[in-house]
Amino acid sequence: MKDVRQTGAALAVRLWRRHIGFFRSLSGGSRRLTAEIGGILAGPGQRRDGGERPQGAAACHIGIENRVLHIEATGDWSIVHLDPVDRELRAVTSGEIEADSAVIDFSGISRFDTASATVLERTAFFLGERGLKVDLKGVNDAQQLLLDKIDSCGIPEPVRVPGPPLYVEILGKIGETTRAIGNEAQGMLGFIGGVMSAIGRTIRHPGRFRMVPFVHHMEKSGFDALPLVCLLTFLIGAVVAQQGAVQLRTFGAEVFTVNLIAIIFLREVGLLLTAIIVAGRSGSAFTAEIGSMKMREEIDAMRTLGLDPMDMLVVPRVAALMITLPLLTFIADIMGLIGGGIVVQVMLGMSPAVYIDRVASAVDFWTIAVGLIKAPFMAAVIALVGCRAGLSVTGSAESVGAMTTSSVVRSIFLVIVLDALFAMFFTAVGI
Amino acid sequence: MAKKGEPIIEVEGIDTRFGDHVIHENLDLTVKRGEVIGIVGGSGTGKSVLLRTILGLKKPDAGRVRVFGIDFTTLPEEERRRNEQRWGVLFQDGALFSALTVAENIQVPYREHLHLSQQLMDELAAIKVAMVGLRDTAGALYPSELSGGMRKRAGLARALALDPEILFLDEPTAGLDPIGAAAFDELINDLKETLGLTVFLVTHDLDSLHATCDRIAVLAEKHVILVGTIDDMLRSSHPWIHEYFHGPRARAALAGK
């Protein structure tokens with residue numbers, strides 16, 4: 001038998017309400033729910049509306065007699081059967097009660113757990129708040145233990161300030177993003193400076209240059225990328241030639257398909273395609289490698305051993321990519337021309353000798369040079385963005401994934417912006 | 001509710017191999033209802049593997065595991081899932097779903113297996129958060145915003161969501177400071193008392209063993225070489241057990257009792 005503590009009951013109820021309202025406000029407003037976890041939350045069990053109540057399931061008989069509210073709980077009150085009785089009791093405590101006291105009878109309960117203890121303890125509290133004197137009847141020792149535990153848990157601090165209005169949130173978001181862009185630009189500038197000074201040191205003391213990683217990265221980002229780059233540029237060359245031939249034929253100018261392929265590939269497409277492939281392949285690899293080293297504190301370990309991560313990790317990668325990207329671009333140009341040449345031979349019946357002759361007359365030194373001059377700059381951008389993203393990884397595994405994604409997106413974006421700037425520059429100088 | 005003291009986990013003649021590497025050979029272990037059993041053993045003796053085998057996450061190469069008197073491998077999918085709700089597991093780092101808040105993590109089993117109103121789920125999540133000794137503000141936080149100790153408590157809250165009969169704990173005090181570890185031991189004892197739990201505790205922590213365990217099972221030489229109370233362990237003449245329970249750290253832990 002237990003009397004609900006009248007003193008302080010009102011306070012406890014208020015805390016209960018805040019406590020509950022706090023959690024309720026969360027469940028609606030979670031914006032970070034990803035699709036797959038959303039799937040967990042809306043799982044198959046969610047909408048299992050129970051029709052008939054099974055035999056022996058939780059039940060409560062509610063009645064008022066001589067201004068005394070009787071709540072008699074019977075059956076299996078484990079969490080599985082709890083929902084219907086929870087709704088009934090909630091309706092009682094929130095509705096009109098024409099009673100001065102209440103008796104909650106536990107003696108018919110066959111199974112009892114923390115969830116049922118929570119529901120009954122809450123009911124007792126709410127009745128107490130309504131000015132009723134509440135008696136708990138027929139509580140056994142194990143149930144009492146649980147009720148006391150729940151009682152001791154229900155003293156949360158008041159929390160949860162409501163979020164700011166929508167327009168403030170939107171403005172805040174814009175401001176935050178602007179600031180983040182500013183910080184990032186500043187950080188990147190600092191990083192470029194750091195790499196520059198590391199390169200300068202390496203030039204003054206060539207012994208500091210790490211030959212083995214340099215060669216290793218040339219192999220990984222250059223040689224290993226060959227099959228992919230060759231295949232893709234070959235296919236794009238063929239596609240461009242085919243489309244060009246079809247369009248130019250309507251003007252009777254299909255011979256100029258050769259000029260189209262040669263100029264577009266040597267000046268722009270060969271390099272752009274290669275740079276984008278390398279950004280996706282090697283830029284992301286740089287971020288993931290350096291990022292996982294950062295995560296496992298290997299970078300910190302390097303510093304404590306007197307090694308400079310710039311020398312060890314960044315300079316070899318930047319240097320390797322600046323050498324391999326022009327080479328890859330040159331091979332990509334050739335493969336594009338071969339792809340176009342095969343299409344031209346099939347569609348226009350032009351022999352390889354004539355094709356080569358026409359390509360030679362369509363391009364001059366600067367056509368090729370314009371493409372290749374841009375390559376080391378793009379390589380530097382890809383490598384710098386990749387390495388910097390790797391070094392910005394914080395402790396968690398998620399951050400490695402996030403930084404890898406952002407490194408690829410940024411380097412492809414910058415590659416295309418850079419290409420546009422170069423186009424303006426070359427137009428201005430008249431090449 | 002079944003009686004205290006009857007076997008709740010029965011492991012019979014388990015063999016586990018990874019390639020040529022034999023982890024367990026003819027391993028037997030019985031856990032009784034209502035006790036806290038601690039599993040100790042050197043690194044690489046397969047304590048965590050044993051835990052995973054009992055949970056059905058790893059299939060043994062030979063032998064049989066029965067929990068609640070049921071062999072889970074022969075059970076149809078539906079029934080197996082229902083019985084799996086009768087245990088709760090705390091993995092080493094909590095294994096909370098990183099895209100969900102603590103409260104939502106606790107509510108995952110409710111949503112998946114039961115039909116409850118959102119209001120009731122919120123109340124129950126709040127109670128579980130308080131029950132494992134977290135501040136109520138912790139319910140709104142994401143796992144990445146919690147410290148290691150808090151993540152373990154939150155993982156425990158999720159393991160307790162459905163009022164399990166057995167609680168499996170994989171090194172719950174590893175990586176906690178001594179104060180946090182002692183508080184966690186106390187929490188286990190408290191929950192065991194109030195909820196009538198059976199606890200299967202894999203640990204390295206001598207203080208934890210002293211503070212919480214009714215019995216201890218020692219894993220060595222590919223099987224369980226001894227099961228018994230702390231006093232049995234102290235009396236044992238087996239060299240590894242002797243060194244474990246009479247080493248300088250063990251003496252310090254005992255002295256503190």
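Predicted model: local features only at pLDDT ≥ 70, side-chain atom pairs only at ≥ 80, totals over all residues.
Good morning, colleagues. I shall begin with the two chains as a whole. Chain A contains 14 helices and five strands, while chain B has ten helices and ten strands. Of the 431 residues of chain A, 33% count as buried; for the 257 residues of chain B, the figure is 46%. Consider next the contacts between residues at least 6 apart in sequence. In chain A, 85% of these join residues at least 24 apart, and in chain B the corresponding value is 67%.

Let me now turn to helix 13 of chain A, residues 365-391, and its neighbour helix 14, residues 397-429. Their axes come within 9 Å and cross at roughly 155 degrees. An angle over 145 degrees counts as roughly antiparallel, and helix 13 and helix 14 of chain A are therefore roughly antiparallel to each other. The crossing of these two helices is right-handed. On the side of helix 13, the residues in contact include V370(A), F377(A), V381(A), V385(A) and A389(A). They meet residues of helix 14, among them M403(A), S407(A), R410(A), L414(A) and F422(A).

What span do its 33 residues reach from the first C-alpha to the last? The helix reaches 48 Å, close to the 48 Å expected at 1.5 Å a residue. The buried residues in helix 14 are V400(A), M403(A), T404(A), S407(A), V408(A), R410(A), S411(A) and V415(A). An α-helix has 3.6 residues a turn, so residues three or four places apart point the same way. The buried residues of helix 14 of chain A pack against helix 9, residues 257-295, and helix 13. After helix 14 comes G430(A), with a positive phi near 80 degrees.

Helix 13 of chain A also has a contact with helix 11, residues 309-348. Here the axes come within 8 Å and cross at roughly 140 degrees, and this crossing too is right-handed. Helix 11 of chain A contributes residues including L313(A), R317(A), L321(A), L325(A) and D333(A). From helix 13 of chain A come, among others, G371(A), A375(A), A379(A), A383(A) and C387(A). The composition of this contact is 18 nonpolar, two polar and two charged residues.

A further pair in chain A is helix 3, residues 82-94, with helix 4, residues 114-129. How far apart are the axes of these helices, and at what angle do they pack? The axes are 10 Å apart, and the angle is about 5 degrees. Helix 3 and helix 4 of chain A are therefore roughly parallel to each other. L82(A), D86(A), L89(A) and T93(A) of helix 3 meet A115(A), S116(A), V119(A), T123(A), F126(A) and L127(A) of helix 4. Six of the residues in this contact are nonpolar, three are polar and one is charged.

Beyond its neighbours within four places in sequence, E10(B) is in contact with T30(B) and R66(B). The C-alpha atoms of E10(B) and R66(B) are separated by 5.0 Å, although these residues are 56 apart along the chain.

Key
Residues numbered from 1 in each chain as written. Chains lettered and ligands numbered in written order. Axes fitted to C-alpha atoms, helices over the stretch in contact; angles between N-to-C directions. Helix = DSSP H or I, 4+ residues; strand = E, 2+ residues; numbered from the N terminus. Parallel < 35°, antiparallel > 145°, perpendicular 65-115°, else oblique. Left-handed = near helix turned anticlockwise from the far one by under 90°. Contact = placed C-beta atoms within 7 Å. Expected span 1.5 Å × (residues − 1). Buried ≥ 20, exposed ≤ 12 C-beta atoms within 10 Å, placed from the backbone. Nonpolar A, V, L, I, M, F, W, Y, C, P; charged D, E, K, R; others polar.
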